[in-house]
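Please look through the structure below before reading my remarks.

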Amino acid sequence: MAPRGSNAARRPPVAPAADIAPTGLAIGLSFSVPTALGAGALSLAAAGVENPRLDAEVLLSHALGLSRAQLLAATTRVLSPAETDQCGAMFARRARHEPVAYITGRREFMGLSFHVSPDVLIPRPETETLVEWLLETVSDRPSFSLLDLGVGSGAIALSVAARHPGARVTGVDLSPAAAAVARGNARDLGVSRRVRVLTGDLFAPVAGRRFDVVAANPPYVPRAEAATLPPDVRDYEPPVALYADDCSIDPAGRRPLGGAGSGLAITSRIIAGAPDHLLPGGSLFLETAENQAAAVAALGRAAGFTVAEVRADAAGVPRVVRCAGCYSPDGPGSGGSSPARLRPASPGATGAASASMSATAAGRRVENGV
Ligand SMILES: C[S@@+](CC[C@H](N)C(=O)[O-])C[C@H]1O[C@@H](n2cnc3c(N)ncnc32)[C@H](O)[C@@H]1O
């Protein structure tokens, strides 16, 4: 074991090969920033991490409290032994494929910084497509209400609240731990006055209430596809946020119970429930897996939505479905007197609620014009 102490900071950034940890950084020794960066990137590359250099830069920047630009300019800065140990530990976690966002505890989304923990899905860039489309839709409204089902870190709900001062937002999550993260982020982002986060199953906590917009990035991975996910996702992100076949979770809020399915179990329940929770003229926005958008649009039409349009994400993948033109005048919260200006849910809605409908079967319904 290499010695610790203040003298170590003046040593050249070289360690005997035997002292080099698997992360490439020798415990207790000091390294220059470029040496630490190179060693970290090499160890991550050897572990099969996809962007080793970028991840090493982000981790080192975080550990040293520097921006990436400052890090790259800090060519003569020498890490203290304590900093070297800290960076080595971070590189070791990343080499085991733990996501960078869980190591640093932060992820940027829509230009905002969110706290993330292993209790929440790490916000993805493709979800920004949903948020941008939603914001376009309400841009001419001074105020509106939004229900975000499966709020997680609050990526959708809170960035809408931050970008639209008239947004009144309700987030719901089955996981109490995720709901707590969203509440913390609402406070950090200064929007908690206009945000409520509730715990429960989809629409249950908002029974009898209606919203101008309902949005969700629901879990949509079929459990049977778990083995195809990258280890960073499969081994670290909360199963309740990933898999749609099973929406029950254990009391700790992390472990799902259940079997296999299409990946549309939660999505189809949201589509079936939305007409009872939308105000007239309201919209439902749903993020989908890359091969599910047509099927989800078909489920929307089958539920009585007259509009079911798809938008691609920045990578050109059909990703978000907007459904509109369906309102259940007799649903909960209508008071029974709301005008039936829009077509109520059709008998097809029953089929839309079927958790067992496969993406392929739903796609066939599109071809048949249902
Ligand atoms: C894919 S994550 C989305 C998180 C966040 N909205 C985002 O876009 O980053 C899905 C979220 O839905 C929650 N969830 C899963 N099943 C649910 C259910 N039946 N009712 C409410 N929330 C649920 C999960 O706990 C998870 O936070």
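Predicted model: local features only at pLDDT ≥ 70, side-chain atom pairs only at ≥ 80, totals over all residues.

1. Residues are numbered from 1 along each chain as its sequence is written.

2. The secondary structure of the protein chain comes to 14 helices and 11 strands, where helices (H or I, at least four residues) and strands (E, at least two) are DSSP runs numbered from the N terminus. Of its 370 residues, 48% count as buried; a residue is buried if 20 or more other C-beta atoms lie within 10 Å of its own, exposed if 12 or fewer, and partly exposed in between, with C-beta atoms placed from the backbone. Two residues are in contact if their C-beta atoms, placed from the backbone, lie within 7 Å, and of the contacts with a separation of 6 or more, 64% are between residues 24 or more positions apart.

3. The largest nonpolar core has 97 residues, and Leu 59, Leu 146, Ala 157, Val 160, Ala 161, Val 214 and Ala 215 are those with the most contacts inside it. Such a core is a set of buried Ala, Val, Leu, Ile, Met, Phe, Trp, Tyr and Cys residues joined through C-beta atoms within 7 Å. Because domain 1 (19-96) and domain 2 (106-367) both give residues to this core, it lies between them; the domain bounds come from an automatic or database domain assignment.

4. Helix α7 is mostly covered, with 8 of its 9 residues buried, including Ala 157, Val 160 and Ala 161. Leaving aside residues up to four places away in sequence, Ala 161 touches Ala 167, Val 169, Val 191, Arg 194 and Val 195.

5. Which residues come nearest to the ligand? Of the 25 residues around the ligand, they are Gly 150, Gly 152, Leu 174, Asn 217 and Ala 241, where a residue counts as near if its C-beta atom, placed from the backbone, lies within 6 Å. The elements that give two or more residues to this shell are α7 (155-163), β4 (167-173) and α10 (239-242). The shell divides into 17 nonpolar, 6 polar and 2 charged residues; Ala, Val, Leu, Ile, Met, Phe, Trp, Tyr, Cys and Pro count as nonpolar, Asp, Glu, Lys and Arg as charged, and the others, Gly among them, as polar.

6. Strand β9 (residues 278-287) has 7 of its 10 residues buried, so it is largely enclosed by the rest of the structure. Two strands pair if DSSP finds at least two bridges between them. β9 pairs with β6 (residues 211-216) in the parallel sense over 5 bridges, and with β11 (residues 318-324) in the antiparallel sense over 5 bridges.

7. Arg 322 lies in strand β11, where it stands opposite Phe 285. Arg 322 is buried, with 22 other C-beta atoms within 10 Å. Not counting residues up to four places away in sequence, Arg 322 touches Trp 133, Ser 283, Phe 285, Val 307 and Glu 309.

8. Val 206 has its place in the loop between β5 (195-199) and β6.
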